Amino acid sequence: MSMTANDQSVIDGFTVRRTIHINAAIDKVWAAITQPEHLAQWFPERATLEPLAVGATGAFDWSDHGSFPVVIEALDAPHSISYRWGNDNAKSIALDVEHSTVFTFTLVEVADGTQLTVVETGFETLTDPAGSLEGNRGGWNSELDELVAYLEGAA
């Protein structure tokens with residue numbers, strides 16, 4: 001069985017957007033995008049984030065990119081979650097809200113699985129908006145492909 005093929009990310013103004021289909025139930029996808037032990041299987045190498053609640057803070061860590069402070073801005077389980085993270089300075093422990101982006105995952109149950117859309121906004125607040133947009137556009141392509149692989153068992 002081959003993995004689901006999905007369209008790539010697009011840039012629209014200071015927004016990156018990508019919609020994908022995953023052959024997995026919405027509760028499995030929700031766990032994968034909200035629980036640190038599942039996040040670490042496809043997104044950061046390590047995620048710290050407790051509890052699953054608006055205002056909860058943590059970090060997403062990559063050995064080659066550093067540690068990014070994260071806060072949950074909005075939550076509507078199991079349909080959407082918004083994370084704000086510090087894109088400009090991966091070395092910072094504290095989140096610089098004035099120079100950060102917000103990415104929202106929205107889940108919709110469909111006949112053969114789940115449709116997931118990610119929308120990341122706020123790039124105009126960063127030091128290098130164009131570079132960050134392009135970097136994250138590519139990032140969402142590879143990361144969400146890893147999510148599909150993880151949930152569809154091809155990882």
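Visitor: Is F105 buried or exposed, and what is its relative accessible area?

Guide: This is a predicted model, in which local features need pLDDT of at least 70, side-chain atom pairs count only at pLDDT 80 or more, and totals for chains, interfaces and linings use all residues. Residues are numbered from 1 along each chain as its sequence is written, and side-chain values use heavy atoms, with hydrogens and water left out. Buried means under 20% relative accessible area, exposed over 50%, and partly exposed in between (1.4 Å probe, protein chains only). F105 is buried, and its relative accessible area is 0%.

Visitor: In which element does F105 lie?

Guide: Helices (H or I, at least four residues) and strands (E, at least two) are DSSP runs, numbered from the N terminus. By that assignment F105 belongs to strand 7 (residues 101–110).

Visitor: Which residues is F105 in contact with, leaving aside its neighbours within four places in sequence?

Guide: Contact means heavy atoms within 4.5 Å. With those neighbours set aside, the partners of F105 are I33, W42, H79, S80, I81, Y83, L116, T117, V118, W140 and L144.

Visitor: What pattern does the protein chain follow along the sequence?

Guide: The protein chain contains three helices and eight strands. Read along the sequence, their order is β-β-α-α-β-β-β-β-β-β-α.

Visitor: How many salt bridges does the count come to?

Guide: A salt bridge is a side-chain nitrogen of Lys or Arg within 4 Å of a carboxyl oxygen of Asp or Glu. Among them is the pair D12 and R17, with the closest N and O atoms 4.0 Å apart. D12 is partly exposed at 49% relative accessible area, and R17 is partly exposed at 33%. The count comes to five.

Visitor: How many residues apart are D145 and R18, and which parts of the chain does the pair link?

Guide: The closest N and O atoms of the salt bridge between D145 and R18 are 2.8 Å apart. The pair links distant parts of the chain, D145 being in helix 3 (residues 129–152) and R18 in strand 2 (residues 15–22), with a separation of 127 residues.

Visitor: Within that pair, what is the relative accessible area of R18?

Guide: D145 is partly exposed, with a value of 31%. R18, in contrast, is buried, with a relative accessible area of 1%.

Visitor: Which strands hold D61 and R46?

Guide: The side chains of D61 and R46 meet in a salt bridge at 2.9 Å, N to O. D61 is buried, with a relative accessible area of 11%. The pair ties together parts that are 15 residues apart in sequence, because D61 lies in strand 4 (residues 57–62) and R46 in strand 3 (residues 46–49).

Visitor: Where is P78, which a cis peptide bond joins to A77?

Guide: Most peptide bonds are trans. The bond from A77 to P78 is cis, with omega near -5 degrees, and another cis bond joins E50 and P51, with omega about -15 degrees. P51 is in the loop between strand 3 and strand 4. P78 is in the loop between strand 5 (66–76) and strand 6 (80–85).
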